[in-house]
Amino acid sequence: MDDPVQAQYEAYPYPARDPADEVRRLVTGSPSHLDEINHTLFAGQRDFSQPFRALVAGGGTGDAAIMLAQQLAERGSAGRVDYLDLADGAREIAEARATIRGLRNIAFHRGKIEDLLALGLAPFDYIDCCGVLHHLADPSAGLTALADSLAPNGGIGLMVYGEYGRTGVYPAQAALRALGRGLDLPSQVQLTRRLLAELPATNWLRRNPFLGDHKLSDAELVDLFLHTRDRAYTVTQLLELASAAGLELVRFIEPVRYDPASYLSDPALAERASALAPPDQAALAEALAGNMKKHVAYVVPRGTAGGRIARLAGTQTRLLPARLDLARAIDPEYRLKVAFDGLEIVCTLPPLGREILQLADGRRSLEEIHRGLQSGQPALDWLAFQAQAKQLVGALEPLNLLWLSAGRARL
């Protein structure tokens, strides 16, 4: 096998998954949750009962492909997911997971992202490329191939490594290359575990509390420390990569983390930060936070980013909480605490926030939620309710905890 990256994923399919687990849970996350896609790329107006073409480029053991296919199936969608990867071992695990779930809306393909157009699968309404570009020999060529495979109003969900949150990883990789020269990969895994136990207290990897995936399995350890082709991106570098492929940013996930106001309370500093252009604000936030070990971003063809994100408008808008426990997590003083890799953000919600979330099931419209609350609070008029709903969305949407839909997104 000439490609060492392909050989790695054949030997250690990533992420480590047991197909038998599909009977008890669905792995979800960002990018590519269907409600998140609709909210971020299609203004909450996508009708998933109509044909929808999605590609998972570099599908690995199948997390994104299974999540998308399962959610499309549950909506009775005519959508289809195409899975693309070079590693047979990883693909076999993804196929087994789909079989256990009885999913028939995934087509599995073997191939390179750079050769995507030659496969004749395009165009796609949506493309997922999560944790892949930073392992390609030419990330720009890979992203350009994805951009060229998009439908005109389509979009891409990306995840690439962040530079600052991975502090300590690359010196450790260099040390392991020196120590492990001539050893096969299983022997390097054992060597890595021995080295991790020996790191001095001054080592930056040991001092970085945000990295722990390597403790889960050998596959995660190999991916983090023994990868033969691996790079990380700052915000600025990722935006430059997207621009070179003819793409532009819709938003980062979670948006609040890329807002300098999340980190600055000094009025003079906050004022100067707010005067920066949006890309520079995001870059400043990354530098201030220091804990972003990955960047999740939604990008679209240049010139089409406007109007992509759903807004609270009209009585028929539906609220889609990203977590089932949101209402229970609100404290008696209407506060919600959320942690992002060691950073705690506290937001204050309106007095009716808990009650609104308890009724927000993806089926009820704002009008129906208002009527439900009004049955117990006759004096609650529409304008007062609307103001609280707007405050709730304004607090939770930047945390990526609440999405909006113009129709019945969940069935």
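The buried residues of helix α2 are L34, D35, E36, I37, N38, H39, T40 and L41, where buried means under 20% relative accessible area, exposed means over 50%, and partly exposed covers what lies in between, with a 1.4 Å probe and protein chains only. The helix, residues 34-41, is thus mostly covered, with eight of its eight residues buried, and just after α2 the residue A43 takes a positive phi of about 55°. This is a predicted model, in which local features need pLDDT of at least 70 and side-chain atom pairs count only at pLDDT 80 or more, whereas totals for chains, interfaces and linings use all residues. Residues are numbered from 1 along each chain as its sequence is written, and side-chain values use heavy atoms, with hydrogens and water left out.

**Overall build**

- The chain holds 16 helices and eleven strands, counted as DSSP runs (H or I of at least four residues for helices, E of at least two for strands) and numbered from the N terminus.
- The radius of gyration of the chain is 22 Å, close to the 22 Å that the globule rule gives for 411 residues, so the chain is as compact as a globular protein of that length; the radius is taken over C-alpha atoms, and the rule is 2.2 Å times the number of residues to the power 0.38.
- Taken along the principal axes, the box filled by the C-alpha atoms of the chain is roughly 75 × 50 × 40 Å.
- Of the contacts in the chain with a separation of 6 or more, 80% are accounted for by residues 24 or more positions apart, a contact being heavy atoms within 4.5 Å.

**Surface and charge**

- Buried residues make up 52% of the 411 residues in the chain.
- The accessible surface of the chain comes to about 18,400 Å², and 51% of this surface belongs to carbon and sulfur atoms; the areas come from the Shrake-Rupley method with a 1.4 Å probe, and for residues only the protein chains shown count as cover.
- The chain carries 43 positive and 49 negative charges, whose mean positions are 3 Å apart; Lys and Arg count as positive and Asp and Glu as negative, while His and the chain ends are not counted, and each charge is placed at NZ of Lys, CZ of Arg, CG of Asp or CD of Glu.

**Backbone exceptions**

- Most residues other than glycine have a negative phi, and most peptide bonds are trans.
- A cis peptide bond, with omega of about 10°, joins A122 and P123, and P123 has its place in the loop between β3 (106-110) and β4 (124-130).
- A further cis peptide bond, with omega of about 0°, joins I253 and E254, of which E254 lies in the loop between β6 (247-253) and α11 (267-274).
- Y334, although not a glycine, has a positive phi of about 65°; this residue sits in the loop between α13 (326-329) and β9 (335-340) and is partly exposed, with a relative accessible area of 34%.
- D341, likewise not a glycine, has a positive phi of about 50°; D341 is found in the loop between β9 and β10 (343-348), where its relative accessible area of 29% makes it partly exposed.

**Cysteines**

- A disulfide is a covalent bond between the sulfur atoms of two cysteines.
- A search of the whole structure finds zero disulfides, the criterion being a pair of cysteine sulfur atoms within 2.5 Å.
- The sulfur of C130 is 8.1 Å from the closest cysteine sulfur, which belongs to C129, and this is too far for a bond.
- C130 is partly exposed, with a relative accessible area of 29%, whereas C347 counts as buried at 11% relative accessibility.

**Selected residues and separations**

- L320 lies in strand β8, residues 318-321, and is buried, with a relative accessible area of 0%; its C-alpha atom is separated by 36 Å from that of D218, 102 residues apart along the chain.
- E344 lies in strand β10 and, leaving aside its neighbours within four places in sequence, is in contact with K337, V338 and A339; the C-alpha atoms of E344 and H134, 210 residues apart along the chain, are separated by 28 Å.
- E368 is found in helix α15, residues 366-374, and counts as partly exposed at 27% relative accessibility; E368 and H33 are 335 residues apart in sequence and, C-alpha to C-alpha, 25 Å apart in space.
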